[in-house]
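Reader: Could you walk me through how to read a few features of a protein model? I would like the general idea each time, and then the case in hand.

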Amino acid sequence: MALGDNPRISEVHAHPVGRDAIDKVLLQMGRSRHWVTNPLVSSLRLRTVARLAEPLVGPRFADALLELLADHPSVVTTGSSRTQGRSEDPWWRTAVFYQVYPRSFADSDGDGIGDLRGIIDHLDHLRDLGVDCLWLSPIFDSPNEDAGYDVRDYRAVMSEMGTLDDLDALIAGCHERGMRIILDLVVNHTSHEHAWFQAAIADPDGPYGGYYHLRPGRPGEDGTGPPPNNWTSFFGGSAWRWIPRARRWALHLFAEGQMDLNWENPAVRAEVADIVRWWRSRGIDGFRLDVINYISKRPGLPDGDEAIGALIGFPGIEHYFFGPRLHEYLHELRGAGFTRDDSDPPPTSTVRGRHDDRAVGEPQPPDRVGVMVGETPGVGIEMGRLLSGASREELDLVFNFDVLDGPGRIRWDDYRYDLAYLKDFLIEQQSRIGADDRVALFLDNHDNPRMLSKVLGPRDRDPVARSAVAKLLATIQLTLPGTPFLYQGQEIGAVDQRFDSIDQLRDVESLNRHRELLADGVDAVGALAGVVPGARDHARVPMRWQPGPGHGFTTGVAWQPSAEGSSGFTVEEQQDDPDSVLSFHRDLIRLRRQHTTLADGAVRFPDRRSRRWFGWVLADRDGRDEWLVELNLTDRRIRRPRHFVGRTEVELASLAGPGFHRPGVTRRGPWMGPYETVIARITH
Ligand code: ISL
């Protein structure tokens, strides 16, 4: 349906991209998304509202929005995975993923940098936890300007992390234990040291010149003139860099050495598909695709709207975060790279079936389609469905980053995250996805401070609160419908660091931001305070395997100091303690495996409004097996909603204090302890 030049708000809102855009603006303003469904507002014309909101959204908002809407389907068709494109019940639907940040997981050779052998040494930890699939952050050869997210060679391993043989051993080690393994595919950009870029700048008019976004300067240009457009880099400054040797500007949405590939060029797309096939034949089970929603840029790379740029923080973003040919490129890559032909040679190894936590069975036949997990910053719920809906044949799963910060907040703000917002967000998300669609459920990753610390603030060092909230968050991730992605350290309740000097930070984003703040005249104390709350370094410090120097991560000097010294929060200390955060994760994953309703049941939310209590009921298809999950979102004791007292058998609970619930207790009393978490079977 064409929207015309001045649709009503209700019509814009009925379009998936329109709905997400409106929700995004409201979230940014800290307003409820229900504001727009008010009949008065929804009957207004877009241009009328845009004019009223002009001080905030600028004069071109309506045009920019309509342009974006025109590029994408106006409805999300919900098809059944059983009838369309996908194999029946793909493995990743009920799998537990675990993200390894290899640089900080385990160092086997004492150079202070985590490596592949270190991961191999700890595979039993992951198997015992119940992980079904590992995702490794980048391990390809890289100059490491952005910790491997700047790839120099897609078919080689970074030397400090090991060799191709080590990787083969890791793949086999996962498969032998009944776990799959996926890698990070960073193909929005390559490193400037990649051979393609070197060839491109040696001969910009040759075949590789078209692999990147290279633009000539004006006559006599020496890089001092204005860049080709006003787009800015996520890591500060213009998104363009003058390359004297080529006499060209080159686009980089991220760091200066991360050059954006030109996906308009079919040769680039063929290279990417080839890389995927190469790794698939080596036994890799799929990829997480880095900033994959940025690959299609609006032709001509027009200037971004200044007001939208100011609102979102990055001028130009409306021209690439959900570009015109995104769906086409993803669909093509799925077919050409991720899907096996019958004539393809079998992969080197495939995953063994797993009967229970320890016993493994025979190697499984190769998956027809490798899993495609999209990292999709800026994509809202409806756009996510357009990219990963069961019938779309684009991505399988997407990450929705709106979960990470509260209304009106951004990552750099120093604030306490409100669990009631998390409840609202998750209920909204769950209510809007189709029964056959699947979302990725995540709360931590290598780009964000720890959710546990955002919720608790300085109280994250109180071991009781820390354990209780860690268990509560685990319960959300592991029992709501969706595919959980745990990030290393979550299973032991890892928290943020107390960085007190810029020298302790390593990340290019933090360092650039700090430099910019100082250049803007902010004093040293203010500049540090402007970086630390949102620093990506918090989640990148080494894994704490055991107490003592090096934390069992390294025998040498760790590449990134881990400043946290609390006791009780290492793998060794939690391993045999039945009440530990680690044991809770293990028990919960085991329970999920035993009772498929917990991993794949239909959900309903009995009380959507409470700011303190969050609960859901999971039921199997014929409604015979029913479970109640309930959480106290506060640090005080609360009254349990009356209609849920009794009639359940508690299978797992976090021990929030004396007098509260323990596993095996059949009746739940009227009170819930601080952050208490209960998983119970409904007995009727
Ligand atoms: O940290 C951010 C920048 O402000 C995020 O927006 C982040 O850059 C975005 O989620 C994309 O992240 C991915 O691509 C980046 C890389 O630095 C991140 O580590 C990666 O997860 C560029 O490759």
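**Reading helices, loops and contacts**

Author: Let's start at a helix end. N265 caps the N-terminal end of α11, with a side-chain oxygen 2.9 Å from the backbone nitrogen of A267. A polar contact is a pair of N or O atoms within 3.5 Å; within protein, one must be able to donate a hydrogen and the other to accept it, and residues adjacent in sequence count only if both atoms are side-chain atoms. Helices (H or I, at least four residues) and strands (E, at least two) are DSSP runs, numbered from the N terminus.

Reader: And what kind of model are we looking at?

Author: This is a predicted model, in which local features need pLDDT of at least 70 and side-chain atom pairs count only at pLDDT 80 or more, while totals for chains, interfaces and linings use all residues. Residues are numbered from 1 along each chain as its sequence is written, and side-chain values use heavy atoms, with hydrogens and water left out.

Reader: Which residues of α11 are buried?

Author: Buried means under 20% relative accessible area, exposed over 50%, and partly exposed in between (1.4 Å probe, protein chains only). In α11 the buried residues are V268, R269, E271, V272, A273, I275, V276, W279 and R280.

Reader: You mentioned α15. How do I describe two helices that pack together?

Author: Two packed helices are described by the angle between their axes and the distance between the axes. Axes are lines fitted to C-alpha atoms, for helices over the stretch in contact, and angles run from 0 to 180 degrees between N-to-C directions. Here α15 (residues 419–432) and α17 (residues 463–479) pack at about 5°, and their axes are 13 Å apart. That makes α15 roughly parallel to α17; angles under 35 degrees count as roughly parallel, over 145 as roughly antiparallel, 65 to 115 as roughly perpendicular and the rest as oblique.

Reader: Which residues of α15 and α17 make the contact?

Author: Contact means heavy atoms within 4.5 Å. From α15 come L419, L422 and L426, and from α17 come L472, L473 and I476. By class, this contact has 6 nonpolar, no polar and no charged residues. For these classes, Ala, Val, Leu, Ile, Met, Phe, Trp, Tyr, Cys and Pro are nonpolar, Asp, Glu, Lys and Arg charged, and the others, Gly among them, polar.

Reader: Now a loop residue, please. Where is R536 found?

Author: R536 is in the loop between α19 (524–531) and α20 (571–575). R536 is buried, with a relative accessible area of 7%. Leaving aside neighbours within four places in sequence, R536 is in contact with D146, F235, R411, H446, D447, D507, V508, E509 and S510. With D507 there is a side-chain to side-chain polar contact at 2.7 Å.

Reader: Last one: is E328 buried or partly exposed?

Author: E328, in helix α13 (residues 326–338), is partly exposed, with a relative accessible area of 38%. E328 and E394 are 66 residues apart in sequence and 8.3 Å apart in space, C-alpha to C-alpha.
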